[in-house]
Amino acid sequence: MASLTPVPSSAAGSSSTPSWKFDVFLSFRGQDTRKSFTDHLYSALEREGIHTFRDDEKLERGKTIAPEILKAIEESRFAIVIFSKNYAFSTWCLDEVSKIAECKEVSGQTVFPIFYHVKPSEVRKQTGHFGEAFAKHEQVFKDDTEGKVSKWRNALSALANISGWHLKHRC
């Protein structure tokens, strides 16, 4: 597994070494994990000196993902995607995951998926809660001339095929 070592700022001036503004970009569904798992993960990463981008609750206001979020994804060396029960219901999260999948392909961004109380196969095949979300999206985006829903599906499948961590309910 790749090391999450912060990139020295001196690397920014080198043409042979890519410069990263953030070590990690966290993608998550706020209502599912913001006040629990994601807050703990974010704090642990920051404590270790790993510069981590986590959206502010105030950013999610409209239906369109903010350009600064897309830029933060591009400027992150790693992405941690926390797939949770309501992740796919958010078009914002789906736009993030599409951008992350693109950055993985284009710039070699390393992605670490975390399956938080969902099965990896649910994400990969869009069944269960993910299937419910896509049934809804296909109704809303009936005239999807941009192929947005298909792009979301492909991104979820691709990232769910990466070996990650499956966090199950524990008794």
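Author: A crossing is left-handed if the near helix is turned anticlockwise from the far one by less than a right angle, and right-handed if clockwise. Helices (H or I, at least four residues) and strands (E, at least two) are DSSP runs, numbered from the N terminus. The model is predicted, with local features needing pLDDT of at least 70 and side-chain atom pairs pLDDT 80 or more, while totals for chains, interfaces and linings use all residues. Residues are numbered from 1 along each chain as its sequence is written, and side-chain values use heavy atoms, leaving out hydrogens and water.

Reader: Happy with that! How many helices and strands does the protein chain have?

Author: Six helices and five strands. Along the sequence they follow the pattern β-α-β-α-β-α-β-α-α-α-β. Of the 171 residues, 40% count as buried (under 20% relative accessible area; exposed is over 50%, partly exposed in between, with a 1.4 Å probe and protein chains only).

Reader: What is the handedness of the crossing of H3 and H6?

Author: That crossing is left-handed. The axes of H3 and H6 come within 9 Å and cross at roughly 60°. Among the residues making the contact are Leu-94, Ile-100 and Lys-104 of H3, and Lys-148, Trp-152 and Leu-159 of H6.

Reader: Where do the axes of H2 and H3 stand to each other?

Author: They come within 9 Å and cross at roughly 30°, and the crossing is right-handed. Ile-69, Leu-70, Ile-73 and Glu-74 of H2 meet Trp-92, Glu-96, Lys-99, Ile-100 and Cys-103 of H3.

Reader: On to aromatics. How many aromatic pairs are there?

Author: Nine, counting rings of Phe, Tyr and Trp (its six-membered ring) whose centres lie within 6.5 Å; planes under 30 degrees apart are stacked, over 60 edge-to-face and the rest tilted.

Reader: Why is the pair of Phe-112 and Trp-165 called tilted?

Author: The centres of Phe-112 and Trp-165 are 5.9 Å apart and the planes stand at 45°, so the pair falls between the two limits and is tilted. Phe-112 lies in strand S4 (residues 110-116) and Trp-165 in strand S5 (residues 165-167), so the pair ties together parts 53 residues apart in sequence. Phe-112 is buried at 8% relative accessible area, and Trp-165 is partly exposed at 39%.

Reader: Which residues form one aromatic cluster?

Author: Phe-83, Tyr-87, Phe-115 and Phe-130.

Reader: How do you know that the charged end of Arg-54 sits over the ring of Tyr-42?

Author: The rule asks for NZ of Lys or CZ of Arg within 6 Å of the ring centre and within 35 degrees of the ring normal. The charged end of Arg-54 is 3.8 Å from the centre of the Tyr-42 ring and counts as sitting over it.

Reader: Is Ser-84 buried or exposed?

Author: Buried, since its relative accessibility is 1%. Ser-84 lies in the loop between S3 (76-83) and H3 (91-107). Leaving aside residues up to four places away in sequence, Ser-84 touches Arg-29, Asp-32, Thr-33, Tyr-116, Val-118 and Phe-130.

Reader: Last one: what is the phi of His-117?

Author: About 60°, a positive value although His-117 is not a glycine. His-117 lies in the loop between S4 and H4 (120-125) and is partly exposed at 29%. Its C-alpha atom is 4.8 Å from that of Lys-168, 51 residues apart along the chain. Gln-126 also has a positive phi, near 50°; Gln-126 lies in the loop between H4 and H5 and is buried at 9%.

Terms used: Contact = heavy atoms within 4.5 Å. Axes fitted to C-alpha atoms, helices over the stretch in contact; angles between N-to-C directions.
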